[in-house]
Amino acid sequence: MTGNTRHDGAWLRRFHPAPDSGVRLVCFPHAGGSATFYFPVSRTLSRSFEVLSVQYPGRQDRHSEPCVSDIGELADRVVEELLSLDTKPLALFGHSMGAMVAYEVARRLESKEIKPLRLFVSGGRAPSRTRDGNVHQRDDNGLIDELKKLSGTDSQVLGDPDMLRMILPAVRSDYKAVESYRHVPGPPLECPVVALTGDDDPQVTLDEAKAWSEHTVGGFELKVYEGGHFYLNSHAAAVMEAISAGIAEPSLTGPPTSDR
């Protein structure tokens with residue numbers, strides 16, 4: 001896999017070249033996740049879009065770098081990288097923590113008069129809907145229990161002590177970023193927002209997902225799937241279809257809509 005990866009700086013990964021694509025899709029991983037989580041997305045959607053996956057520091061080939069435990073700083077760094085690329089219409093997709101980072105990236109881009117085509121937020125509460133959490137303050141066993149509960153980490157990793165020692169610092173840092181994040185009020189986004197969520201997600205209620213509509217004047221759509229926090233692992237094809245269709249639509253107009 002590494003041999004097929006194009007490194008666009010430390011922060012971005014392009015797994016499959018798409019030189020003729022007119023749209024760039026930037027994907028943001030969940031807490032503890034890495035750019036390779038989106039390898040299947042890149043493999044499928046690179047036929048239509050240039051797919052870039054964000055690689056946060058502190059994991060995989062960036063394992064030796066200090067983790068960043070602040071959503072705003074992560075967004076700042078990603079925006080710097082995106083602005084260094086050639087100009088191309090872009091869409092953003094983030095899952096869980098990645099939804100928060102993608103949202104803050106969208107805010108920063110729009111402040112520079114760069115309007116994303118779409119912001120897709122998956123498995124994430126609206127920025128204005130916060131919960132108190134202390135997962136990042138738990139001991140290693142408590143952190144592992146949380147990973148098991150959400151069913152988003154490979155069981156082989158959870159059963160390998162050496163692998164766990166490698167990933168837990170990044171997981172802890174990411175949870176700190178999520179649990180310390182507080183939304184700073186400002187202008188709503190102008191780009192359309194599509195929220196995707198599982199109907200049995202312990203991290204996100206349907207009301208918390210619907211509240212994303214309060215953060216945009218560009219139109220809103222809610223898509224609900226069967227499953228928990230990592231519903232998208234069981235609905236990969238449907239999620240990728242939703243991304244493709246969403247980018248192809250010129251706009252979301254009228255009142256917020258839902259498929260439920």
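This is a predicted model: local features need pLDDT of at least 70, side-chain atom pairs count only at pLDDT 80 or more; totals for chains, interfaces and linings use all residues.

User: Thanks! To get my bearings, how many helices and strands are there?

Analyst: The protein chain has eight helices and nine strands. Of its 260 residues, 53% are buried. Among contacts with a separation of 6 or more, 80% join residues 24 or more positions apart.

User: Why is Ser-96 called buried?

Analyst: Its relative accessibility is 17%, and buried means under 20%, so Ser-96 counts as buried. Ser-96 sits in the loop between strand E5 (90–95) and helix H3 (97–111).

User: And what makes the backbone at Ser-96 worth a look?

Analyst: Phi of Ser-96 is near 60°, a positive value in a residue other than glycine. Most residues other than glycine have a negative phi. Glu-113 also has a positive phi, near 65°.

User: Where is Glu-113, and is this residue buried or exposed?

Analyst: Glu-113 is in the loop between H3 and strand E6 (119–122). Its relative accessible area is 75%; exposed means over 50%, so Glu-113 is exposed.

User: Now the inside. What makes a set of residues a nonpolar core?

Analyst: The residues must be buried, of the nonpolar kinds on the list, and joined through side-chain atoms within 4.5 Å. The largest such core here has 52 residues, and those with the most contacts inside it are Phe-28, Leu-92, Met-97, Val-105, Leu-119 and Trp-212. H3 gives the most to this core, with nine residues. A second, separate core has 22 residues, including Val-51, Ala-91, Val-194 and Tyr-231.

User: What does Phe-28 touch, leaving out residues up to four places away in sequence?

Analyst: Among its partners are Tyr-38, Val-54, Tyr-56, Leu-92, Val-101 and Val-105.

User: How many disulfides are there?

Analyst: The count comes to zero.

User: Why are Cys-27 and Cys-191 called buried?

Analyst: The cut-off for buried is under 20%. Cys-27 has a relative accessible area of 1%, so Cys-27 is buried, and Cys-191, at 0%, is therefore buried too.

User: What about Ser-42: buried or exposed?

Analyst: Buried: its relative accessible area is 0%, against a limit of under 20%. Ser-42 belongs to helix H1 (residues 39–45). Leaving aside neighbours within four places in sequence, Ser-42 is in contact with Phe-15, His-16 and Val-51. The C-alpha atoms of Ser-42 and Leu-52 are 7.6 Å apart, with the two residues ten apart along the chain.

User: Last topic: how do you know what counts as a cavity, and how many of 30 Å³ or more are there?

Analyst: A cavity is a space where a 1.4 Å probe fits but cannot get out. By that rule there is one cavity of 30 Å³ or more.

User: Which kinds of residue line the largest cavity?

Analyst: The lining divides into five nonpolar, one polar and five charged residues. Among the lining residues are Met-100, Arg-125, Pro-127, Thr-130, Glu-179 and Tyr-181.

Conventions. Residues are numbered from 1 along each chain as its sequence is written. Side-chain values use heavy atoms; hydrogens and water are left out. Helices (H or I, at least four residues) and strands (E, at least two) are DSSP runs, numbered from the N terminus. Buried means under 20% relative accessible area, exposed over 50%, partly exposed in between (1.4 Å probe, protein chains only). On a 1 Å grid over the protein atoms alone, a cavity is a set of points where a 1.4 Å probe fits but cannot get out, and a pocket is an open set with protein on both sides within 12 Å along at least five of seven lines; lining residues have an atom within 4 Å of a point. Grid points are joined across faces, edges and corners, and a volume is the space filled by probe spheres set on the points. Ala, Val, Leu, Ile, Met, Phe, Trp, Tyr, Cys and Pro count as nonpolar, Asp, Glu, Lys and Arg as charged, and the others, Gly among them, as polar. A disulfide is a pair of cysteine sulfur atoms within 2.5 Å. Contact means heavy atoms within 4.5 Å.
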